[in-house]
Amino acid sequence: ELWLVANKWLILLLILGTLSWSLTMIKSGIVYPFGVGFWGPNGHDGIWHIALANSLARGSLEMPVFAGEALKNYHVGFDLIIALLHKLTTIPTHTLYFQILPPLIAFSVGVLTYFFVMQWKKSKIQAIWAVFFVYFGGSWGWLLGKGESAFWANQSISFNLNPPFAISLLIIIALFQIINIKKNFNVFVITLLAGTLIGFKSYAA
């Protein structure tokens, strides 16, 4: 009975958390009566990532915003995933970026967090609380009138507004899980995963 209750809470948290993280993204890139809508930083960042993904899908490493200039010193991992998925599925890059990948990333972060804390602490209650704070925790910057970036900390609800950062969380949590297993092959897997971080988000690496 306790197992069932705990899993009901987990399922509820995964649904609500995925929804809350995705709401900042899924309404962008859609055609409205006034034209294509982009909300918040998606008006710049979203357009940049879509342009870059489209460029990569064409097999080009040209800088999308500077004609004739090559793209240098930039973490293209997330944009490359979008480009590859677009080539494989023909789903438009803007649909992948705004409507498909954000819920998948949000859900995966919650699931990986749960399994990591379960593996580490062997406590369903602690694992469920960890998922809750991953989805709904914050620095209270808004309550102090300081805004989103108070204390130099992103609020969890806006993680998906920075998809390369959001996907780097998946890699970091996976690293924690592998380290916690303590097997001989971990060094190779950890090195491989840690190395890919630089391709997704420089400061995450």
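Guide: This is a predicted model. Start with two helices: H4 passes H5 in a right-handed crossing. Helix H4 covers residues 93–121 and helix H5 residues 124–136, and the two pack at an angle of about 145° with axes 8 Å apart.

Visitor: Which residues make the contact of H4 with H5?

Guide: On H4 they include Ala 106, Phe 107, Val 109 and Gly 110. On H5, Lys 124, Gln 126, Ala 127 and Ile 128 are among them. By kind, the residues of this contact divide into twelve nonpolar, three polar and two charged.

Visitor: Why is Met 63 called buried?

Guide: Buried means under 20% relative accessible area. Met 63 has 18%, so Met 63 is buried. Met 63 is found in the loop between helix H2 (45–57) and helix H3 (77–89). Apart from neighbours within four places in sequence, Met 63 is in contact with Trp 48, Glu 69, Ala 70 and Leu 71.

Visitor: What span does H3 reach, and what is expected?

Guide: H3 has 13 residues and reaches 18 Å from first C-alpha to last, close to the 18 Å expected at 1.5 Å a residue. Its buried residues are Gly 77, Phe 78, Asp 79, Ile 82 and Ala 83. They pack against H2, H4, helix H6 (163–181) and helix H7 (186–200). Just after H3, Thr 90 takes a positive phi of about 65°.

Visitor: Are Phe 38 and Phe 98 buried or partly exposed?

Guide: Phe 38 has 30% relative accessibility, so Phe 38 counts as partly exposed. Phe 98 has a relative accessible area of 0%, so Phe 98 is buried.

Visitor: Why is the pair of Phe 132 and Phe 133 edge-to-face?

Guide: Planes over 60 degrees apart count as edge-to-face. The planes of Phe 132 and Phe 133 are at 75° and the ring centres 5.2 Å apart, so the pair is edge-to-face. A search of the whole structure finds 18 aromatic pairs.

Methods. Residues are numbered from 1 along each chain as its sequence is written. This is a predicted model: local features need pLDDT of at least 70, side-chain atom pairs count only at pLDDT 80 or more; totals for chains, interfaces and linings use all residues. Side-chain values use heavy atoms; hydrogens and water are left out. Axes are lines fitted to C-alpha atoms, for helices over the stretch in contact, and angles run from 0 to 180 degrees between N-to-C directions. Helices (H or I, at least four residues) and strands (E, at least two) are DSSP runs, numbered from the N terminus. A crossing is left-handed if the near helix is turned anticlockwise from the far one by less than a right angle, and right-handed if clockwise. Contact means heavy atoms within 4.5 Å. Ala, Val, Leu, Ile, Met, Phe, Trp, Tyr, Cys and Pro count as nonpolar, Asp, Glu, Lys and Arg as charged, and the others, Gly among them, as polar. Buried means under 20% relative accessible area, exposed over 50%, partly exposed in between (1.4 Å probe, protein chains only). The expected span of a helix is 1.5 Å times one less than its number of residues. Rings of Phe, Tyr and Trp (its six-membered ring) pair if their centres lie within 6.5 Å; planes under 30 degrees apart count as stacked, over 60 as edge-to-face and the rest as tilted.
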